[in-house]
Amino acid sequence: FNDQTYPRIKAIANISGNSLNSVVNELVQIAVGEVISNMNDEEVSRFAKESSAVLEEWIEEVNKNGLGE
């Protein structure tokens, strides 16, 4: 995070009582939704395929090496 982003996200976490990680995940979900809403059908399809491929790759890596720290 940079010097503008971190204080804002940390303030949201502090006020909400949620962890920094959960706040960041929620904000990323919102941002991804906004990006997808601005895609055309072809881009959404490409995004879905790429997202699925990345998930499969990540699962393989976790199964091989564990989650780590």
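First, the ground rules. Residues are numbered from 1 along each chain as its sequence is written, and side-chain values use heavy atoms, with hydrogens and water left out. Because the model is predicted, local features need pLDDT of at least 70 and side-chain atom pairs count only at pLDDT 80 or more, while totals for chains, interfaces and linings use all residues.

I start with the aromatic residues. How many aromatic pairs does the structure hold? The structure holds one; a pair means rings of Phe, Tyr or Trp (its six-membered ring) with centres within 6.5 Å. The partners are F1 and Y6, with ring centres 6.3 Å apart and planes at 40 degrees, so the pair is tilted. For that label, planes under 30 degrees apart count as stacked, over 60 as edge-to-face and the rest as tilted.

Are the two partners buried or exposed? F1 is exposed, at 63% relative accessible area, and Y6 is partly exposed, at 36%. Here buried means under 20%, exposed over 50%, and partly exposed in between, with a 1.4 Å probe and protein chains only. Y6 sits in helix α1, residues 5-16; a helix is a DSSP run of H or I of at least four residues, numbered from the N terminus. From Y6 to V24 it is 18 residues in sequence and 10.0 Å in space, C-alpha to C-alpha.

Next, helix α3. This helix covers residues 41-65 and includes I59. I59 is partly exposed, because its relative accessibility is 41%. Together with L55, W58 and L67, I59 makes a nonpolar surface patch of about 460 Å². Patch residues have over 30% relative accessible area and no salt bridge (a Lys or Arg side-chain nitrogen within 4 Å of an Asp or Glu carboxyl oxygen). Nonpolar side chains are joined within 5 Å, like charges within 9 Å. The areas come from the Shrake-Rupley method.

Which residues form the negative patch? They are E50, E56, E57, E60 and E61; Asp and Glu count as negative, and the charge of Glu is placed at CD. E60 also lies in α3 and is exposed, at 57%.

K49 and I36 are 13 residues apart in sequence and 13 Å apart in space, C-alpha to C-alpha.

Last, N18 is partly exposed, at 41% relative accessibility. N18 and E56 are 38 residues apart in sequence and 29 Å apart in space, again C-alpha to C-alpha.

Terms used:
Accessible areas come from the Shrake-Rupley method with a 1.4 Å probe; for residues, only the protein chains shown count as cover. Helices (H or I, at least four residues) and strands (E, at least two) are DSSP runs, numbered from the N terminus.
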